[in-house]
There are 12 protein chains.
Amino acid sequence: MDDNIYKITEVVGSSSKSIEDAIEKAVARTAETVKDLGWFEVTDTRGHIADGKVAHYQVSLRIGFTHHPTA
Amino acid sequence: MDDNIYKITEVVGSSSKSIEDAIEKAVARTAETVKDLGWFEVTDTRGHIADGKVAHYQVSLRIGFTHHPTA
Amino acid sequence: MDDNIYKITEVVGSSSKSIEDAIEKAVARTAETVKDLGWFEVTDTRGHIADGKVAHYQVSLRIGFTHHPTA
Amino acid sequence: MDDNIYKITEVVGSSSKSIEDAIEKAVARTAETVKDLGWFEVTDTRGHIADGKVAHYQVSLRIGFTHHPTA
Amino acid sequence: MDDNIYKITEVVGSSSKSIEDAIEKAVARTAETVKDLGWFEVTDTRGHIADGKVAHYQVSLRIGFTHHPTA
Amino acid sequence: MDDNIYKITEVVGSSSKSIEDAIEKAVARTAETVKDLGWFEVTDTRGHIADGKVAHYQVSLRIGFTHHPTA
Amino acid sequence: MDDNIYKITEVVGSSSKSIEDAIEKAVARTAETVKDLGWFEVTDTRGHIADGKVAHYQVSLRIGFTHHPTA
Amino acid sequence: MDDNIYKITEVVGSSSKSIEDAIEKAVARTAETVKDLGWFEVTDTRGHIADGKVAHYQVSLRIGFTHHPTA
Amino acid sequence: MDDNIYKITEVVGSSSKSIEDAIEKAVARTAETVKDLGWFEVTDTRGHIADGKVAHYQVSLRIGFTHHPTA
Amino acid sequence: MDDNIYKITEVVGSSSKSIEDAIEKAVARTAETVKDLGWFEVTDTRGHIADGKVAHYQVSLRIGFTHHPTA
Amino acid sequence: MDDNIYKITEVVGSSSKSIEDAIEKAVARTAETVKDLGWFEVTDTRGHIADGKVAHYQVSLRIGFTHHPTA
Amino acid sequence: MDDNIYKITEVVGSSSKSIEDAIEKAVARTAETVKDLGWFEVTDTRGHIADGKVAHYQVSLRIGFTHHPTA
């Protein structure tokens, strides 16, 4: 935790199963293209309703990752 | 998604099991009397404690639904 | 619910399993030293990421309890 | 406090006398048409001024009540 | 502006033309079923995008109206 | 309520008696130097404590008044 | 943009035509008595309703201007 | 007001009479166990409703007090 | 609306004409480099003033778009 | 701290050196024309960037001062 | 960072020198009586003014520390 | 300041020395890969504590830069 710089990216995960599943999918997908993810913060929990039932949870996250210096 | 008008109703779902269960009960109960529910947004997550344990989750939702014109 | 006074303490529960588990651990641990816990309110949902996966959920709570008069 | 569902309605009480009087009038009027009111939360305290004096306090409330299942 | 009580309803107007058009449609539609509308407050301005262009503005309003006593 | 312009001034009223008294003093004092005060909004309610008792309520207000054109 | 000091004044513009018209009227009126206006920020968009139609938009602005040193 | 350190404790006062009475009870009770209380700030005003009437005001306070160094 | 992941980018559109024009320019410019834009949310409405007149509206947007999996 | 009335003015200090320097310049400049300044509160910390470096810190303050009665 | 529980305490540090000095004094004083402090978050930056100059910075902090289980 | 479009990126600078140093490092690192940085806004000031002392300041920034059209 030296004098690092971090960047924050915002993503929205969505899942028909649970809030945690939406978060985990959003983190996993982000990890495919961004290295060194460090933490997340939930900023919004929403969802879609179809036929009077919750169809999808949609969870907005701010995800922080280490910003490596340009070599 | 033409030039529709939507209305928002606020409900609090409560469940001894989980946050998702509280949300789903609130949506299901609202669907008994309101048609064409479209989305929800969580505004507050609270709960009651009894004997040092979580007794109930209480989740506040804003639920949006289509406002049909008066025929 | 007569003219009681309540106090509020802030805790952060953490769990590798779920948001509810983090809340329940925080409540249980607080109950070890504080009597008459009454309610909680979630103020923040965050987490740590390791190897591109959610490692821990960290849930911040405000917990209210009855403030008994000094005998 | 079993697995109940609550609804929230928003009202603005107004009184030339005091903030409490504005709240109490808003609650009393709401109770004329809605049963099982349970709690309120003040969201805004405003007022009108006439001739350099407070003419009316206007207090915005969110009022929660039990949402009974459809029989 | 005597000791009246007001109620607040939340609606979302939508328009492909402008923010004002979305507001005016929401007010007009609400006026079809609610009497004595008095004021509104914009709480959210959002929209949908299709083919890289704004398809609809969606404006959330809180609309206040006089709550007449039950006769 | 034609196409008027209003200005807003911020004041803090203080009173050892009540919240309403602090508001009314702030409005009365402002009215000594500003004409056509129209409304107020409470933004903060604080106070000083001395010897374990409330010594003063301090209420922050935004006060709106008509901005007359320069003649 | 050297080491200047700026002041902020709060105004509410009102217009029966549009949100932009309310903003522009508020800025123009403020410019009659304050020099070197530099920027504005919308803090609130409200309005009055009469006969089920938007009668006036009321837009609250914070307006910044250069604070010249006393000569 | 030298280079002192202050601590903040959160309490909820409750009263069937008035908002001020709830504040004063919360301050008085806190003063029984904490010395050198200096100020408070209201963060929330809520209440319970029974039989269509306000049963209790519940006012949440942050109370600041001087943090004396360990001797 | 299956289990998709969305990303959010923040842009500020600016226009000398109107708030809608600033939004539409920001969306059009973003669409030049990002595919599958889905929605936007206004987070801030500001502007520059020159010679006592609104010179530019500056509207901050959060724009959401589909995050396609890496093939 | 008797039943005084306070007024609040908003200023933005700017400095190429530090946040504290921006605050102190804003306070000093305000003190040239306003007597009996009592406290300040930082509401925003921003800055300008030129050539990839911080050019100026810009700190927004609310400054409170005693409102003397008209003699 | 296993399944630990953290507690949060709120303190206000004050310093005539700088914001950082106020933070560091608050942390140091808290560390005299609380073990295993882990992080802090600034919630408010205020100050006192005397003779038209900043007399003290007052910085409010939430400080998190590990909540050890009762042995 | 013609009809430009700006983008906003979020970064967290960290420094063991001061808040300004954390901001300046975050700006300098961002300038290595992004051209035409224009302004920043502090959204959060946090820090890590080790051995009862501030180990690092961590300052979250939103940084705005000009979005050049695609050539």
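Within chain A, the side chains of A:Asp21 and A:Lys25 meet in a salt bridge, 3.1 Å from N to O (the term stands for a side-chain nitrogen of Lys or Arg within 4 Å of a carboxyl oxygen of Asp or Glu). Both A:Asp21 and A:Lys25 sit in helix α1 (residues 19-33) of chain A, four residues apart, about one turn of the helix. Over all chains, the structure holds 60 salt bridges. Please keep in mind that this is a predicted model, in which local features need pLDDT of at least 70 and side-chain atom pairs count only at pLDDT 80 or more, while totals for chains, interfaces and linings use all residues. Residues are numbered from 1 along each chain as its sequence is written, chains are lettered from A and ligands numbered from 1 in the order in which they are written, and side-chain values use heavy atoms, with hydrogens and water left out.

**How chains C and A are related**

**The interface of chains C and A**

- Chain C brings 14 residues to the contact, and chain A brings 14 residues.
- About 1,100 Å² is buried between chain C and chain A, with 59% from carbon and sulfur atoms (buried area is the accessible area, with a 1.4 Å probe, that two parts lose on being put together, summed over both).
- On the chain C side, C:Arg46, C:Ile49 and C:Tyr57 lose the most area to chain A, together 45% of what that side buries.
- One salt bridge is found across this interface of chain C and chain A, and A:Glu41 forms a salt bridge with C:Arg46, with the closest N and O atoms 3.6 Å apart.
- Five residue pairs, both at pLDDT 80 or more, are in polar contact between chain C and chain A (a pair of N or O atoms within 3.5 Å; within protein, one must be able to donate a hydrogen and the other to accept it, and residues adjacent in sequence count only if both atoms are side-chain atoms).
- On the side of chain C that touches chain A, α1 (19-31), β2 (37-50) and β3 (53-66) of chain C each supply at least two residues (helices, H or I with at least four residues, and strands, E with at least two, are DSSP runs numbered from the N terminus).
- The element giving the most to that side of chain C is β2(C), with six residues.
- That side of chain C, touching chain A, has four nonpolar, six polar and four charged residues (Ala, Val, Leu, Ile, Met, Phe, Trp, Tyr, Cys and Pro count as nonpolar, Asp, Glu, Lys and Arg as charged, and the others, Gly among them, as polar).
- Strand β2 (residues 37-50) of chain A pairs with β2(C) in the antiparallel sense over three bridges (strands pair if DSSP finds at least two bridges between them).
- Within this pairing, C:Arg46 of β2(C) is the bridge partner of A:Glu41.

**How chains A and L are related**

- Chain A can be laid on chain L by a turn of 120° and a shift of 0.0 Å along the axis, with an RMSD of 0.0 Å.
- In chain A, A:Thr9 has the C-alpha nearest the axis, 4.8 Å from it.
- The copies use different surfaces here, and 7% of the contact residues of chain A recur in chain L.

**The interface of chains A and L**

- Here 15 residues of chain A are in contact with 17 residues of chain L.
- Between them, chain A and chain L bury about 1,400 Å², 49% of it on carbon and sulfur atoms.
- The count between chain A and chain L is one salt bridge, and A:Arg62 forms a salt bridge with L:Glu10, the closest N and O atoms lying 2.5 Å apart.
- Strand β1 (residues 5-15) of chain A gives the most to the side of chain A that touches chain L, with five residues.
- β1(A) and strand β1 (residues 6-15) of chain L run antiparallel, joined by four bridges, and L:Gly13 is the bridge partner of A:Ile5 in β1(L).

**Chains without contact**

- No contact joins chain A and chain H, whose closest C-alpha atoms lie 22 Å apart.
- Chain B and chain I are joined by no contact either, and their closest C-alpha atoms lie 13 Å apart.

Key: Contact = heavy atoms within 4.5 Å. Least-squares fit on C-alpha atoms with pLDDT ≥ 70 in both.
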